[in-house]
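Subject: Structure handover

Hello,

Here is the structure I promised to pass on. Please open it first, then read my notes below.

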Amino acid sequence: MSYTARIGPSILSSDLAQLGQECRRMMECGADYLHLDVMDGHFVPNITFGHPMVECLRTAVGPDPFFDMHMMVSRPEQWVKPMAAAGASQYTFHLEATTNPGNLIKEIRESGMKVGLAIKPATTVEELAPWAAQVDMALVMTVEPGFGGQKFMEDMMPKVSWLRSQFPSLDIEVDGGVGPDSIHRCAEAGANMIVSGSAVVSSDDPRSVIALLKNVVMEAIQKRSLDR
């Protein structure tokens with residue numbers, strides 16, 4: 001097993017007027033990476049930010065933090081090179097947003113970024129499967145993308161379990177409504193990269209929430225390893 005527990009706060013839940021400072025705060029509180037939600041108003045109804053903001057954040061926080069770009073955009077091919085130039089570490093695109101995943105995966109790799117592939121709740125895990133061996137991470141959305149504060153969809157966990165059984169070393173991320181109340185189900189299903197928004201960012205003690213989430217996932221990984 002090559003995967004490990006990693007917790008990535010969703011910075012969209014932060015005070016957007018203090019974004020650089022908030023990113024630094026999350027890393028100081030023990031975050032393993034930062035999850036940056038890019039929305040274009042087409043693929044999802046909301047609009048957030050683009051590569052100029054990413055470039056500013058990279059300058060603000062330095063070279064070390066891992067930027068996981070969740071590209072909720074209708075033309076993911078368009079932003080690969082700008083995001084790479086801005087300092088993105090991983091480019092996670094939606095399977096539903098492209099007609100040529102293989103070409104896009106190749107383009108992302110050639111731009112020097114890791115590759116993530118995301119699916120919405122209505123998309124079956126079997127549709128992702130042909131590409132799973134070619135990507136670094138699979139993202140199973142546990143809410144409909146585009147809005148914060150939604151309720152965690154526990155019925156997405158079989159997708160995670162199936163991916164873990166078929167691709168034992170794959171990084172599997174969950175995103176949407178994940179916090180202390182739902183982390184056990186995510187960890188038991190086999191998720192190892194945990195995106196958490198308000199549960200971490202809006203907490204009075206983000207450090208302890210991050211530590212709790214990480215410990216639950218680490219324990220599940222250890223148990224899975226012993227059970228094999």
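Start at H70. Leaving aside residues up to four places away in sequence, H70 touches H35, L36, D37, V38, T92, H94, A118, L139, M141 and D175. Keep in mind that this is a predicted model.

H70 sits in strand β3, which covers residues 67-72. Is H70 buried or exposed? H70 is buried, because its relative accessible area is 0% and the cut-off for buried is under 20%.

The unreviewed entry gives a "binding site" feature at S10, H70, G146, F147, G148, G149, G177, G197 and S198.

G177 counts as partly exposed, with 41% relative accessibility. Beyond four places in sequence, G177 touches V143, Q150, F152 and S182.

Next, the nonpolar cores. As a general point, nonpolar side chains in soluble globular proteins tend to be buried together. Here the largest nonpolar core holds 65 residues. Within that core, L36, M69, C186 and I194 have the most contacts. Which helix gives the most to this core? Helix α9 (residues 206-227) does, with seven residues. Another core lies apart from the largest one; it has nine residues, including F66, M137, V143 and M193.

Take C186 as an example. Its contacts, not counting residues up to four places away in sequence, are F152, M157, V174, V178, A191 and I194.

Helix α9 also contains V209. V209 is buried, at 11% relative accessible area. V209 touches P180, A199, V200 and S203, again not counting residues up to four places away in sequence. K120 is 89 residues from V209 along the chain, and the C-alpha atoms of the two are separated by 26 Å.

Last, helix α5, residues 125-132. Its buried residues are V125, L128, A129 and A132. They fall within an arc of 120° when seen down the axis of α5, so they line one face of the helix. What do these buried residues pack against? Their partners are β5 (114-119), β6 (137-141) and α6 (157-166).

Best wishes

Methods:
Residues are numbered from 1 along each chain as its sequence is written. This is a predicted model: local features need pLDDT of at least 70, side-chain atom pairs count only at pLDDT 80 or more; totals for chains, interfaces and linings use all residues. Side-chain values use heavy atoms; hydrogens and water are left out. Buried means under 20% relative accessible area, exposed over 50%, partly exposed in between (1.4 Å probe, protein chains only). Helices (H or I, at least four residues) and strands (E, at least two) are DSSP runs, numbered from the N terminus. The arc is that of the directions from the helix axis to the C-beta atoms. Contact means heavy atoms within 4.5 Å. UniProt positions are given in the numbering used here, feature names are shortened, and annotations may be inferred rather than shown by experiment. A nonpolar core is a set of buried Ala, Val, Leu, Ile, Met, Phe, Trp, Tyr and Cys residues joined through side-chain atoms within 4.5 Å.
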